[in-house]
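Please prepare a briefing on the model shown here, with attention to strand pairing, overall dimensions, surface and backbone angles.

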Amino acid sequence: MKTKTYPGKTIGTLLIVLLLMPLGHALMILMEHYLAPTVLHYSAFAMGFLGLVITIWGVFVKGDTRQTCFGLAGSVLFWTGWVEFLLAYYAQRYGVHCDLVGNGIVETVSRYVNGVAVDHSFTINGSPLESFSRAELKELRGSRPEYLIMPATFGMWMMFVVLYLFCTRNGCLFLHWIQKHCGINNNVELRPMAYHPSIVMFMEWNIMMWGLYLLLMFCYDPVFLGDHHPVTYLIAAICLIGSALMFKKQLRIANWGRSIRMAYATVIVFWTFVEVAARNGMFKEIWVDPMHHVTEMVGVLVVFVALVAGYWLYNAKDNHEAKEQ
């Protein structure tokens, strides 16, 4: 018997989540470029708080799909505001400097008043950071300062992994595989957590984004591997193949909400391949310099809005027909 597939639903949800990635990056760059530092910090904190509120609000709305959408919107704002911007704030406050792709000298000088660092000056090979364009910086430096301090959170990330591995029955196929092949299923009574699609989406977004960033930073670190190491390329290839297999599985999902949750997992695994490819100069990341790629980014935004609107109308029609039946 042939399994029914839903290519339109799968591709639609994948594109919506996929386009969120460059739009999220571009939003951060634009905020950093146009907002004064104090306004930026308060705005970023408010963004993270709004994301948390939206996620919790999603617990109380009706419907699996609606809850998932609330969780998706909330997790994007939460991650950007309370994870990425907070890391950026403390990296800047304490003068964490970027790394370099090749050889050179990076210097950071901080000026303190009453025990508080009030300003910093950064130079690369003797030239102030402000004298470089974003394109030039992209060629010179490896990772931004906030990503360089992220690997220090590995232990905290592992606490969540241990919880999911040894205490919960969940929908992650990768965790299922580990639980099955490491004997956890046979020796531990796994119980499902209270099921709220909004919270599930929120946790999936943050845990997977966090974990795969940690993986990338480990790969990029020349002390361990480095950008051009064969293992780094192998990990990128595994992620590309894995995302294709996940896409194949997603094709069989009929439910909108579940399809969105699967789409995120598929996209973030695929995006790991994208990051490694871009890091090695295989294509240009227009979303890291949106001011010089306005037409392209506006196009991405228009397509994203059109997809969301189309999805919303199609889903409403889907629900209406289901009620009539």
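In this predicted model, β1 and strand β2 (residues 116–124) pair in the antiparallel sense over eight bridges, where two strands count as paired if DSSP finds at least two bridges between them. Within this pairing, Y112 stands opposite A117 in β2. Because the model is predicted, local features need pLDDT of at least 70 and side-chain atom pairs count only at pLDDT 80 or more, whereas totals for chains, interfaces and linings use all residues. Residues are numbered from 1 along each chain as its sequence is written, and side-chain values use heavy atoms, with hydrogens and water left out.

**Sheet and secondary structure**

- The open sheet has three strands in the order β1-β2-β3, with antiparallel pairing.
- β1 (106–113) and β3 (127–128) stand at the edges with a single partner strand each, so one side of each is left without a neighbour in the sheet.
- The protein has twelve helices and three strands, taken as DSSP runs numbered from the N terminus (helices are H or I with at least four residues, strands are E with at least two).

**Overall dimensions and packing**

- The radius of gyration is 21 Å, close to the 20 Å that the globule rule gives for 325 residues, so the protein is as compact as a globular protein of that length; the radius is taken over C-alpha atoms, and the rule is 2.2 Å times the number of residues to the power 0.38.
- Along its principal axes, the C-alpha trace spans about 70 × 45 × 40 Å.
- Of the contacts with a separation of 6 or more, 70% are accounted for by residues 24 or more positions apart, a contact being heavy atoms within 4.5 Å.
- Buried residues make up 43% of the 325 residues (buried is under 20% relative accessible area, exposed over 50%, partly exposed in between, with a 1.4 Å probe and protein chains only).

**Surface and charge**

- The accessible surface comes to about 18400 Å², of which 68% belongs to carbon and sulfur atoms, as computed by the Shrake-Rupley method with a 1.4 Å probe.
- There are 23 positive and 21 negative side chains, and the centres of the two sets lie 14 Å apart; Lys and Arg count as positive and Asp and Glu as negative, while His and the chain ends are not counted.

**Positive phi in the loops**

- Most residues other than glycine have a negative phi.
- N114, in the loop between β1 and β2, has a positive phi of about 55 degrees although it is not a glycine, and N114 is exposed, with a relative accessible area of 77%.
- N125, in the loop between β2 and β3, has a positive phi of about 55 degrees, and N125 is partly exposed, with a relative accessible area of 46%.

Definitions and conventions
Charge placed at Lys NZ, Arg CZ, Asp CG, Glu CD.
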